[in-house]
Structures are given as structure tokens and as C-alpha cells.
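Please read the following points with the structure open beside the text.

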Amino acid sequence: MQKDPGKLLEKYKAGNCTEKEKAIVESWYLELVSKGNAPAAADIEISKKEVWASLAEGKTDPKKNTVWRWAIAAAILFLIGAAGLFSLKEEGTTTLTKHTLKNNDVAPGSNKAFLTLADGTKISLTDAENGEIARQQGLSIQKTANGQLVYTVDDKAAGKNSRVAFNTIETPKGGQYQINLPDGTRVWLNAASSLRYPTKFSSNTRSVTLQGEGYFEVAKISDSKARRIPFIVKTANQEVEVLGTHFNINSYDDENEVKTTLLEGSVRVSLVGNIKNGPSKLLKPGEQSQLGNQAIQVKTVDTETVMAWKNGDFVFKGEDLKSIMKKVARWYDVEVVYQGDFDHLKFAGYLSRSKNISSVLGIMESTGKVHFSVEGRKVTVLK
């Protein structure tokens, strides 16, 4: 099978592909067309220098579909709405344009968070030693080596104190963290996010409050009568009720909409205070609710793009520049300012979040449609 995505694309242009090779390229292109992100065929120009030449067999992530999907996506990434294209370089040195970022590079985010206990004690999880960091109402709170906060029930102490107490875990810009709640539910927090939760859930409901973005894998819990105990996630404007499922909520204050995306199971999305009686939407896997102006709309979405942050990637499919830069600002803990009008500039591509900021900005600069200046933690977007 053809191993070099650049050569495969050249073969396709020349009409020399086998049926299997042709299917690979066309299935990729049709996927873009189905999402409204593909440019006209006349605008497609493939250049060797745009190809991710260092893509090596076996270096891709098998969890993200197939090696070929990554190879093709990495080979040609389109600048939507304007002539041009940009390439993904995830291995080796990033080549910048004449508007070089020089030495003002910024490292990517990492596992950083603060835990605030019910008594007001604030613990930096970045600085805390691995192992048990606190005991609280029949619970042992432990920090693991791979960036997780885990609550474990202490059978000897459990039940001695029934008072409900609340803890809060918060990630700064440039941080992320995973927490395993007392009921077994797992939550991944993106940068600039927080989760407030009780140290002990009640017998008839489980409720937490989210700010920012979090991905939830909710544990299925039943009461003494074998009835499922619901799990409720509250944000400033909505409530999400689940019984046991996987979903993502994006509720950043600087976004126009609160977006809830379902990956597995089912959830019911309602306006705050109306979870039982008010207007609500029941989501199916692959659907996303979008709450704006007190109205909930439901759409089918590409979950790979939504979950890219949790999987350690940036995935852009016809996304506008300002939306991309919001994600860049949170992950790299930078301020972004604009000099010029960029409202109609859109990009598509894949890139690891483990790379320095120069990798992301340098790739977009290579289109010639946008340039960047980095001074400390201030990024200026230029024409």
C-alpha cells in the first residue's frame, strides 16, 4: 500500500491511483463535503512542501480511526473561505515565516489544578506530593502520578459524619485535570474550568456545578429500591440530568452558547430551575444541544472535534480563527489581541496539544493570510 500521503495525492491528481487508493482520498474529501467544509475542486492544489513528509508509519494514534485517515488529513489541510492551504507538522522542527516567533515561544498546558476543601484549605495539586493529600468525612483524597484526583471511601470512618460538605477543583489557564468523584464518576476538566461537588452524595440525587468545560463519565448508581439515582450537572444557564452516560459540556463565559455533546447513553438538557417541568431536550449519542438566548437547539455534530481537547489534540474542521484563538489562549495561558478584521477566516487541521505555541501559530502563518507577534504572554494577530 502507498506509504507516503504526498505521493498518494499526486497519484490521485494524475489519475494513477488504484481503486483502493482512490477510495481513501475520495472518502476523506466526501467527509469534508458532508460537513460543508470542502473547497471547490478547482481550488485544490497539492504541493510537496505542504505535505507532512515526516509522517512515519506507526506514529499515529490507533484510537483515532486509522493511520490513513490521519495521513490524508495531515497531508492537505484547507484554509476555508480563502485561497490557500496549510500543513500539519507534528514531528520535527516547525518552520516559521518571515514573521517569525523568534525566541518568544510558549510551552503547552499540563496537569495543573487547585483543590479547595470545605474548610477553606486550598491545595495546589501541581505542587502536592503523590499519594494521600487529605482526609475528609470518611474519604481519603489522593493525588496520582498521572494527574488524577481520586476519592476513596474509608470504611472505618465512613458514616461518622453525615454533614454535607463541598469541595471545588479548579484549573487555571494552561491547566487540565481529572477527578474521580466519591460515587465513581470520572470528570476531565479543561483549562480555565472548575467543578464544585459534595464529598458525599445524597441518597436520591447527585449534583455538581461546572464552570468552563468538562467531560463526564457518570457511574450508574441505584438506591435501595433499585431505582437509578440521577446525576445533575449545573452551569450558570442550564442543568443536565443523566442516569449513566458519557458527555461533554462547554460553558465558558466568553462563548456565545453553552454546548452539551452526548457520546453515550442519554441526557436531558433544561434551563436552570426547569429540569423537571420546563422546556427541555433529550439528546441521543452524536447530538449536541446549543443553549443561547434562553433557547435550546439540538444538532448532530462531529464528536471527534468536540472531544479533541480531552484526547490531547486540537482538531479544527472549518473553524473560524477567533474561535481557534480562544482555545489557544486557554491552553497556553496567553492574551490574544487583534489588529485587523479576521471574522471570515477559517481553518481546518489536526495538531497535538503537547506542542509549543509556535507549532500552532507557525502553521497558520504559513498560509500567508495571517501573522502573529508574541511578546511574553501576549499574542497579537496581524494581517
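1. V337 stands opposite T380, a residue of strand β26. Strands and helices here are DSSP runs numbered from the N terminus, a strand being E of at least two residues and a helix being H or I of at least four. The model is predicted: local features need pLDDT of at least 70, side-chain atom pairs count only at pLDDT 80 or more, and totals for chains, interfaces and linings use all residues. Residues are numbered from 1 along each chain as its sequence is written, and side-chain values use heavy atoms, with hydrogens and water left out.

2. Strand β26 covers residues 378–382 and pairs with β23 in the parallel sense over 5 bridges; two strands pair if DSSP finds at least two bridges between them.

3. Helix α5 (residues 321–332) packs on the sheet and touches β23, β25 and β26, where contact means heavy atoms within 4.5 Å. The direction of α5 makes about 155° with that of β23; axes are lines fitted to C-alpha atoms, for helices over the stretch in contact, and angles run from 0 to 180 degrees between N-to-C directions.

4. Helix α6 (residues 357–365) also packs on the sheet, touching β25 and β26.

5. Is S251 buried or exposed? S251 is buried, because its relative accessible area is 9% (buried means under 20%, exposed over 50%, partly exposed in between, with a 1.4 Å probe and protein chains only). This residue is found in strand β16.

6. S266 lies in the loop between β17 and β18. S266 counts as partly exposed, at 39% relative accessibility.
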